[in-house]
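User: Hi! I'm new to reading protein structures. Could you walk me through this one?

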Amino acid sequence: MTLWPGWWPAIPGSGCSRDTGWSFGMTCRPSVAVWLCCPGGGSGHEPAHAGYVGKGMLTGVVAGAMFASPSVGSILAAIRAVAQAGAAGILLIVMNYTGDRLNFGMALERARAEGADVRMVVVGDDCAFTTPGKAGRRGICGTILIHKVAGALAEAGASLDEIEKKVTVTAKVMGTLGLSLSPCSIPGSKLSFQLAEDEMELGLGIHGEAGVRRMKVLPADKAVETMLKHMTDPSNASHLSLTPGSSVMLVVNNLGGLSCLELGIVAGAAVRCLENRGIRIARAMVGSFMTAMEMAGVSLTLMLVDEELVRLIDAKTMAVAWPNILAGPATTRREEVPAPTEAPRKPQDETGTGPSTARVERVLQRVCSTLLDIRDKLNELDRGAGDGDCGHTHAQAAQAIQEWMRSRPPPAAPAQLLSALADVLLEQMGGSSGVLYGLFLTAAARSLRGRSGSPAWADAMDAGIEAMQRYGGAAPGDRTMLDSLFAAAQALHSLRNPGADPLQVLAAAVQRAEAAAEATRHMEAGAGRASYIRSSRLEQPDPGAVAVAAVLGAVLEGLRDPLGTPQ
């Protein structure tokens, strides 16, 4: 039982079965307004419906077993409890399923025989079926909007007749459609249908029922466009009529298995699609409102609204599952702010004895192809200690560099080359790797300005590592990319020796980097995401260290390539 200070408690009745439950929260004083007693339906749709019990919404809910209607005895016990607490009237909000209609209808008849003023509204908002059968449209997520409208009216002191009439009319101007990549997962039961990895189901129910159309997986924008087209198609007998200029309430509902990110992507697509049709989105809700046991899908609900309905939607409620909706229209149109202008870049005219542009391109292409080739390997190494995206991140960097080279020739001067690469990676690579590479290249470029000769490269390597340590906090031995870099830097110090062969020194540096990367297999992580993982679970080399060694090796191969020798 949920109570609020200053409000009368509900009085529990008797007869609830063991596998069902009902709960109450006062919505208003019984002497001045109508009380509401809940939707019916099985469990498995949480937060529906118990999450909508609270002042300003439902007085109580009656839940059956998993996806099963509650019994007549349980429903009648709830009605009696509300009636005995002094309710002026009771409205049953029932989703359109045969078991719910039968059980709630029978309980209503018995309650009326006892003298209670009980009414029932059956909600059917499903737009899936082009030709609904005798059973009619199923009740799905749009039902929660009926809860809100009825609760707000009751809280405002409307009569039972007024509430029943308003919600009956409102239920006829809304529609819902679901789309999923999987069926729901019912404990102890087999899946009701199967979908291939590249398939999605349109118009499926919230109890494991298959949908009305199976299709190949589509991008979010196309999937949402398909849903809205089906929902509003005039040839569909269960469609919702939408015309340009209409105002709607939009509900983007997680059916249980989507992430917040995925749900946000769908919501953005829905808003854009509706705006393109000239539809005004007066209010929007995005979240988990009526789920279906981890179903990896989403439902869209549209309700045509006027000023009165918007006021009822905006009315305050203490129901914990009702979101704090922004009181204003939802739109993707924002006032455009001019992009900030970058400081003018220095012209690429710095002199030096760096490699030719053609040779730079060959080396960079070798680095990019190497990173693309080892993408899966790096991802696999990263799964043990992170989110398994190290390969994707480095491949993204490689693709960004390739695109950059297609758009302009890379500068031949070393300082400008490293500075330009830093800009590309900082803008396109992302993640901690992107900023670490950016720090390294920026500091190395600064060290190379106005300098030439092999010793300058050894100093640049040290400067880059120092910058990474200063901001990243890692040190050699912490099982990070720094282990490979530091080992290579020690070998590159030989470039300061007069007469040193740069390629031989670089070859030694590559060997040291590869050995250091392999040695991270036996290290305990002291920095980065891997530091949160027990060392006993870190059985593979650090992916960042492996990537650095691979990059250095690719640079060596590119410089050794006869086609890359200076002309």
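Predicted model: local features only at pLDDT ≥ 70, side-chain atom pairs only at ≥ 80, totals over all residues.

User: Got it. How many helices and strands does the chain have?
Analyst: The chain has 16 helices and 11 strands.

User: And what share of the residues is buried?
Analyst: Buried residues make up 51% of the 567 residues. "Buried" here stands for under 20% relative accessible area.

User: What about the surface, how much of that belongs to carbon and sulfur atoms?
Analyst: Carbon and sulfur atoms account for 53% of the accessible surface, which comes to about 26,100 Å² for the chain.

User: Let's pick a helix. Which residues of H9 are buried?
Analyst: Helix H9 covers residues 375-383, and its buried residues are Leu378, Asn379, Leu381 and Asp382. These four sit on the same side of H9, because they cover an arc of only 165 degrees around the axis.

User: Which residues are exposed on the other side of H9?
Analyst: There you find Asp376 and Arg383, both exposed.

User: What covers the buried residues, then?
Analyst: The cover includes two other helices, H10 (390-407) and H16 (543-560). This is where our contact term comes in: a contact is heavy atoms within 4.5 Å.

User: New topic: where is proline 47?
Analyst: Proline 47 is in a loop, the one between strand E2 (35-43) and strand E3 (60-66).

User: Is proline 47 buried, exposed or partly exposed, and why?
Analyst: Proline 47 counts as partly exposed because its relative accessible area is 24%, and that class lies between the 20% and 50% cut-offs.

User: Which residues does proline 47 touch?
Analyst: Leaving out residues up to four places away in sequence, proline 47 touches Tyr52, Ser288, Phe289 and Ala321. Take phenylalanine 289: 242 residues separate it from proline 47 along the chain, while their C-alpha atoms are 6.0 Å apart.

Key. Residues numbered from 1 in each chain as written. Heavy atoms only, no water. Buried < 20%, exposed > 50% of the residue type's maximum accessible area, 1.4 Å probe, protein only. Arc of directions from axis to C-beta. Areas by Shrake-Rupley, 256 points an atom, 1.4 Å probe, with all protein chains shown as cover.
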